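Open the model in your viewer and keep the sequence panel beside it. The stops below go from the whole chain to single residues.

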Amino acid sequence: MTVSDTAVASRRTSRRREARVGLLFVLPVFLFFLAFRFGPAIAGGVLAFTDYTIGAETSWTGLENLRRLADDPLFWRALRTTLIYSVLAVPLSILAALGMALLVRRSFRGSRLFRSIFFLPVVTSLVLAGIVFTWIFSAGGPWSSLLGSVGLPDGSWLSDTTLVVPALVIVAVWTRFGFGMLILLARLQDIPRELEEAALTDGAGPWHRFRYIVLPELTPALFFLAVIETTMSFQVFDTVYVMTGGGPAQSSYMLVFQLYDQAFRYFDFGYASAIGLALFVMTLVVALIQRLTLGRDR
């Protein structure tokens, strides 16, 4: 073995030793994550096939909870409301994030301040946001006063069975677009300026530069945002709990709220776990569909 071969072997041994040391430091966090993230998820999947109530004996019921789910009209109503909410919230959140990212993409005086302001709702407590928007959408609040000043009905949106879901969508867009803006802004800053400058020289307008240069480069980030936004929309709970409690007349009653009701109001943890399992499967299917459509080229 030559001196160079010896040096290469020594470097490989040193790298493997460093990798083992790094894994040793990561191991406690990984075990903690495994126990408190995957452990409850696996336990919930198992409980979906049982009749489990705190303080009572657990019995295996097989597919009984899933059959009960299929025959539950409240589940289908909650699913329909969740889908309507998601269909409205996901594209609007992404469009708002994209618009704000394009707005603050260029450096100008105060651009960092605007970026911070736009990101501020992301780090705001959802409970606090729900309380504030409950006041905004209340009868006599700023939103109803604004509508009344232009001759539109000025009642509370949260008391209207038709308008309560759009009100929740507005809150979702406000609280989530800053995260998407940050993701898209990072991707926008990686696009070579030479491409847009060349297109501008060739006479391409703003729309053509966006359509043929910017948008293709944003496809991976948009796919990522679509999956994240869909997951968050399917799992919405905080704002519904604070602002409407599932009302009025269960018009904002969504899947996670039903899961909460079954688990912590009726203490039927087996049925609640079945709802969680169904929600997980639906979220996974939607993510796969998005992968086949939005992400098929990347």
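This is a predicted model: local features need pLDDT of at least 70, side-chain atom pairs count only at pLDDT 80 or more; totals for chains, interfaces and linings use all residues.

**Stop 1: the whole protein**

Residues are numbered from 1 along each chain as its sequence is written, and side-chain values use heavy atoms, with hydrogens and water left out.

Next, show the C-alpha atoms, which fill a box of roughly 75 × 60 × 35 Å along the principal axes. The radius of gyration of the protein is 25 Å, whereas a compact globule of 298 residues would have one near 19 Å. That radius is taken over C-alpha atoms, and the globule rule is 2.2 Å times the number of residues to the power 0.38.

**Stop 2: helices, strands and domains**

Switch to a cartoon view. There are 12 helices and 2 strands, in the order α-β-β-α-α-α-α-α-α-α-α-α-α-α from the N terminus. Helices (H or I, at least four residues) and strands (E, at least two) are DSSP runs, numbered from the N terminus.

Select residues 3-37 for domain 1 and 68-297 for domain 2; these bounds come from an automatic or database domain assignment. The centres of domain 1 and domain 2, taken over C-alpha atoms, are 40 Å apart.

**Stop 3: helix α11**

Which residues of α11 are buried? Select 255-264: 7 of the 10 residues of this helix are buried, namely L255, V256, F257, Q258, D261, Q262 and A263. Buried means under 20% relative accessible area, exposed over 50%, and partly exposed in between (1.4 Å probe, protein chains only). Over the protein, 35% of the 298 residues count as buried.

**Stop 4: L83**

Move to helix α3, residues 73-103, where L83 sits. L83 counts as partly exposed because its relative accessibility is 38%. Finally, select S252 as well: L83 and S252 are 169 residues apart along the chain, and 11 Å separates their C-alpha atoms.
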